[in-house]
Amino acid sequence: MIRGLVWNLRDYLRSPFRVVVAAVALVAAAAAAYPLVRVFLNLFVVDGRVDFSSLGQITDVPGLGGILWNTFSVVIVSSILALLAGAFLAWLNERTDATLGAIGRAMPYLPFLVPPIASAVGWLLLFHPTVGTGNAFLRNVLGHVGIHLGHGPVNIASWWGLTFVLAVVHVPYSYMVISAGLRNLDGALEEQSRVCGAGTVKTFFLVTLPGIRNSVGSAVLLLVFFGLADYSIPVIIGTSAQIKMLSVEVVQLMTQKFPPQTGAAVSLSLVAVVAVAVVWVLQRRLLSRGHFYAIGGKGQSSAIVRLRGWRRPCQAIAILFIIVSSVLPLVSLVIVALTGFWSATPAWSNISLRTFVNVLVNDSTSASSIQNSLVLAVFGATLGVVVAALAIEFVSSGRRSRFTGFVDAVIKAPATFSIIVVTIGVILGFSGSPLYLGATLTILLIGYVVVYLPQATVTIESSASQVGRELREASAVAGSSSSGTYLRVVAPLVVPGLVAGWALLFVRMLGDLTASVMLAGPSTSVIGFRILSIYSNGSFGDLAALTLLVTVIATVVVFTLLLVSNRIGRRTRTATSSVVAVTGAEPAR
């Protein structure tokens, strides 16, 4: 690794831009490592000596085997379902005539725009086995045909219900990464495959899938990240179903035990570390295998698959998914927000906007929470994407070595731990002497960036890995500097990844629950902290109104960004192709 460090220093001292890139990457790695180091020092260093006895606390966790089985079974199954659904929707929108245009490309993002706790509450309000509004409607319909049920027929508070909601909420993560990969994939390669006699299925497995394998690997890594770290859905649905999950158990060990059982919490998190590390290693192997560049130096063309008789059914499947995944829970939230309370049979005569007025006007805490979260989400997402993009440039553009791999692993390290553990590290590192940032917007910003930066790097990395080295070389031949090459060639081509990363960070920071509960204070309340407070008080009308307002904000911001990025992507792709055409560089295969 020392030799790699020397080679990388030589590479990155050639220009001021590369010095900045290296500095940002190293600072990002230090910021990611510092909270974790503080946690482990506080846990394993006692009176100046190393002591690992605290790890033995994991054996005191009741039902440990059941917790691990529940966690991994739910995460694995939900990740598979989310990956298949996201890949199918991405393929429909990017490679077939079944696309619904801009609306079709935007629809799969709808579950992503609803805060996870809002989705969980919405599904519970809808399909609680006894008082769920949706179940009451279904029982009424079945009663007209002679089938009388006392509860159900759908039970969202179950293993399958928990798995289903996790999968639905995580579909946008796989969709946005895989669709970005398909958008960057040169369609001429698929067209040539069909000209040579390969059918649609054979072309998909021999050309399309190898071309987007980096995106698929990144999608799997994201799904595992969020599946193991998600707290909102397991605490709402899992607790209702009496299913213990690892993330909920870690939070309870740290917040509901006195003194906090840090050793057991960190030990449980190490189990998640191993699982994510395995997926990360597999993803790195995918990135290092071969040199199949999806973006070449020539102009790209799209390869549209004509589905003929399957076009309408595929469109119907896509629309049905959106209705089931987004419309249904949102409808339940709308009903509760308008009527003011939760009931199996809504009182339609009570419909009014008083809950929205209460949240925006009468409840100053909720209004300030929305303002604080919006400011933090905009600044945090922007900072996180810039840092992640430069960190990926450091890892991928220079000489690959163990040192760059080490930096990459350190930046992604916080994602392998429970958010609660990383947040504790942020508190230990920044709330006390000498900074004293506790319960301020600054520590919330630091915590958000540290927690969600790994996800941004994974999202951007999938697009950056598709940029062929011949484009950099062609730009250099044309006389462009390192900074000019990055700004005019590389950055425009990874716009889909940058947009996906920004959208991911914005929505997650806007509706964050776990980190917000520990970092926010009375004067710095944010949406996640406020939602949990309202949920604990049982004020479902105000809860539904607040979550709907957050959903509207996220929808407007993200959709506007997607429309702008699509226009930028079309313009820059043409400009980049002309650069290579002038220099005569050939695309690498």
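**Close-up views of a predicted model**

Figure 1. The space in the largest cavity comes to about 110 Å³. A count of cavities of 30 Å³ or more gives 12. Rolling a probe the size of a water molecule over the atoms shows where empty space is left.

**Figure 2. The chain as a whole.** The protein chain contains 26 helices and 2 strands. Of its 589 residues, 55% are buried. Among contacts between residues at least 6 apart in sequence, 80% join residues at least 24 apart.

**Figure 3. Helix α13 against helix α19.** Helix α13 covers residues 246-255, and helix α19 covers residues 419-430. The two helices pack with their axes 9 Å apart, at an angle of about 35 degrees. On the α13 side, the contact is made by V250, V251, M254 and T255. On the α19 side, the residues in contact are I420, V421 and I424. The contact of α13 with α19 has 6 nonpolar residues, 1 polar residue and no charged residues.

**Figure 4. Two loop residues with positive phi.** Q242 belongs to the loop between α12 (232-240) and α13. Although Q242 is not a glycine, its phi is positive, about 60 degrees. Is Q242 buried or exposed? Q242 counts as exposed because its relative accessible area is 75%, and the cut-off for exposed is over 50%. A439 sits in the loop between α19 and α20 (441-464). A439 is also a residue other than glycine with a positive phi, near 60 degrees. A439 has a relative accessible area of 35%, so A439 is classed as partly exposed.

Figure 5. Which residues does F506 touch, not counting residues up to four places away in sequence? They are L374, A377, V378, A381, A554, V557 and V558.

**Figure 6. V27 on helix α2.** Helix α2 spans residues 16-44 and includes V27. V27 is classed as exposed because its relative accessible area is 57%. V27 and A391 are 364 residues apart along the chain. The C-alpha atoms of V27 and A391 are separated by 9.4 Å.

**Figure 7. P153 and its surroundings.** P153 lies in the loop between α7 (133-143) and α8 (159-184). With a relative accessible area of 46%, P153 is partly exposed. Leaving out residues up to four places away in sequence, P153 touches N135, L138, R139 and L142. P129 is 24 residues from P153 in sequence. In space, P153 and P129 are 7.1 Å apart, C-alpha to C-alpha.

Methods:
Residues are numbered from 1 along each chain as its sequence is written. This is a predicted model: local features need pLDDT of at least 70, side-chain atom pairs count only at pLDDT 80 or more; totals for chains, interfaces and linings use all residues. Side-chain values use heavy atoms; hydrogens and water are left out. On a 1 Å grid over the protein atoms alone, a cavity is a set of points where a 1.4 Å probe fits but cannot get out, and a pocket is an open set with protein on both sides within 12 Å along at least five of seven lines; lining residues have an atom within 4 Å of a point. Grid points are joined across faces, edges and corners, and a volume is the space filled by probe spheres set on the points. Axes are lines fitted to C-alpha atoms, for helices over the stretch in contact, and angles run from 0 to 180 degrees between N-to-C directions. Helices (H or I, at least four residues) and strands (E, at least two) are DSSP runs, numbered from the N terminus. Contact means heavy atoms within 4.5 Å. Ala, Val, Leu, Ile, Met, Phe, Trp, Tyr, Cys and Pro count as nonpolar, Asp, Glu, Lys and Arg as charged, and the others, Gly among them, as polar. Buried means under 20% relative accessible area, exposed over 50%, partly exposed in between (1.4 Å probe, protein chains only).
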